[in-house]
Amino acid sequence: MKIVMIGAGYVGLTTGTCLAEIGHEVCCVDVAKDKIEMLQTGRIPIYEPGLSKLIDANKHSGRLEFSADIAGAVSKADLVFIAVGTPSTEEGDIDLTYVRAAAEGFASHLRDEAIVVIKSTVVAGTAQAIRTLIAEKRGDDAIAVASNPEFLREGSAITDFMQADRIVVGADDERSAESLARLYKPLADAGITYIRTDTINAELIKYTANAFLALKIGFINDVANLCEKAGGDVRAIAEGIGLDRRIGESFLQAGPGFGGSCFPKDTRAFAATGRRFNAPQPLVETLIDHNELRKAALGERILDELGSDPAGKTVAVLGTAFKANTDDMREAPALTIIPLLQRAGVKVRAHDPKAQQAAARHLQDIHWCGSAYEAADSADALVILTEWEDYRTLDIVRIGRLLKGQSIIDYRNMLKPNEVVAQGLHYVSIGRAKASPKHTATKTNARSMSGAAPTTLGVAALPF
């Protein structure tokens with residue numbers, strides 16, 4: 001099938017490339033001519049593992065091309081996907097300006113047989129509204145509009161497409177339903193569950209899924225706070241509940257709060273949708289507030305570790321991207337935590353293997369370092385904010401020699417407490433008791449949940 005992808009950003013570029021990989025002819029179109037020129041010359045504007053290689057292979061095969069000529073591309077297409085941005089409004093809802101502009105821009109160039117598919121994350125009712133808009137623009141109602149939400153995680157997007165948990169298609173007519181079933185037949189034949197529903201349900205599935213996953217993160221972070229007070233280990237708790245099939249193990253990693261392009265924006269939009277339909281979503285409303293408060297609270301915890309007068313001290317920050325395997329800085333915890341430290345007079349040395357350039361556009365007065373070890377040199381404390389695998393295998397002996405201070409603050413629970421304290425360092429993590437050279441304990445047993453340092457509660461601490 002001939003596919004046009006309107007928008008060569010993260011979703012459009014990844015989805016378009018993967019559709020080419022399963023055998024379709026794809027043209028990714030964008031109004032940003034500089035972006036198209038980059039792609040045509042083999043430069044990729046985003047970092048996503050494996051994407052550059054896949055783009056090169058499909059360009060070479062002739063199945064993937066890039067163009068700024070929207071009219072020319074759309075006039076030949078069987079399916080036209082809209083994959084443009086839907087930023088948040090001040091009220092937390094989403095701004096559909098780019099979706100509407102895309103539809104208005106190509107409406108008159110569509111073949112009567114073409115189908116428009118909204119890939120952008122949009123609120124309930126958007127596909128129906130865009131169908132009306134296109135009909136008014138063309139003066140006929142020949143064009144069907146379907147919904148096909150994406151479920152791509154940055155850092156694993158290609159796998160998430162090729163080995164998806166499910167494909168969700170919202171179609172209000174049989175013609176678009178049949179076309180999308182044909183589009184995804186190679187994946188459905190490979191065993192991926194294919195769900196056909198209507199456009200309203202498809203749009204709500206996307207928001208509901210992200211809201212629920214974000215709630216899991218918020219919940220385990222609250223549990224981590226309880227563990228720190230009660231003497232527990234959040235990793236053991238997460239394993240103990242995650243092995244229950246009704247709960248599942250994913251999204252139970254405690255940390256500095258969620259960020260990125262999806263969860264913050266989508267939870268706000270989900271809550272705003274609830275308000276619009278007079279069906280409030282109080283759990284999600286509370287989650288949104290608590291997630292922002294958590295980032296600030298963990299910044300304050302770093303200041304506490306620096307002592308009563310943090311001004312003039314230096315902190316090494318490892319990782320600025322909102323998560324590993326991406327250079328995305330959108331709503332990353334670093335954007336809250338680093339400025340908070342700087343306002344207290346703290347100097348920041350930072351390292352990120354992929355996001356330095358993106359982070360430098362948002363963060364000022366940082367000394368950027370070429371390695372984690374360079375960042376740690378003469379710092380009063382070291383903080384891990386992003387779970388890059390490189391940080392899991394840090395040479396702690398070397399880090400201990402480089403640091404001027406004694407604190408390692410691990411907000412991703414990547415390091416082994418006993419290895420850190422063996423170097424005379426003070427170790428602070430999430431959802432576990434602090435570990436220091438003066439008081440350490442280890443526990444071993446057959447399962448990984450035994451990694452916690454045991455804590456014995458005194459009788460006075462119990463409620464009887």
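Biologist: Is the crossing of α10 and α13 left-handed or right-handed?

Modeller: It is left-handed: the near helix is turned anticlockwise from the far one by less than a right angle, whereas clockwise would be right-handed. Please keep in mind that this is a predicted model, where local features need pLDDT of at least 70, side-chain atom pairs count only at pLDDT 80 or more, and totals for chains, interfaces and linings use all residues. Residues are numbered from 1 along each chain as its sequence is written, and side-chain values use heavy atoms, with hydrogens and water left out.

Biologist: At what angle do the axes of α10 and α13 cross?

Modeller: Helix α10 (residues 199-230) and helix α13 (residues 282-306) cross at roughly 45°, with axes that come within 10 Å. That makes the pair oblique, since angles under 35 degrees are roughly parallel, over 145 roughly antiparallel, 65 to 115 roughly perpendicular and the rest oblique.

Biologist: Which residues of α10 and α13 meet?

Modeller: Among them are Ala 211, Leu 215 and Gly 218 in α10, and Leu 287, His 290 and Arg 294 in α13; contact means heavy atoms within 4.5 Å. The residues of this contact divide into 7 nonpolar, 4 polar and 4 charged.

Biologist: Why are α5 and α6 called roughly parallel?

Modeller: The axes of helix α5 (residues 97-106) and helix α6 (residues 126-138) cross at roughly 30° and come within 9 Å. α5 and α6 are therefore roughly parallel to each other. Their crossing is right-handed. In this contact, Val 99 and Phe 106 are among the residues of α5, and Ile 130 and Lys 137 among those of α6. Here 6 residues are nonpolar, none polar and 3 charged.

Biologist: How do you know that Thr 17 is buried?

Modeller: Thr 17 has a relative accessible area of 0%, and buried means under 20%, exposed over 50% and partly exposed in between, with a 1.4 Å probe and protein chains only. Thr 17 sits in helix α1. Leaving aside neighbours within four places in sequence, Thr 17 is in contact with Leu 51, Leu 54, Ile 55, Asn 58 and Leu 64.

Biologist: Which residues touch the most other members of the largest nonpolar core?

Modeller: Of its 40 residues, these are Leu 19, Phe 66, Leu 79, Phe 81, Leu 180, Leu 183 and Tyr 184. Helix α1 (residues 10-21) gives the most, with 6 residues. A core joins buried Ala, Val, Leu, Ile, Met, Phe, Trp, Tyr and Cys residues through side-chain atoms within 4.5 Å. Apart from this core lies another, of 39 residues, including Ala 224 and Leu 298.

Definitions and conventions
Axes are lines fitted to C-alpha atoms, for helices over the stretch in contact, and angles run from 0 to 180 degrees between N-to-C directions. Helices (H or I, at least four residues) and strands (E, at least two) are DSSP runs, numbered from the N terminus. Ala, Val, Leu, Ile, Met, Phe, Trp, Tyr, Cys and Pro count as nonpolar, Asp, Glu, Lys and Arg as charged, and the others, Gly among them, as polar.
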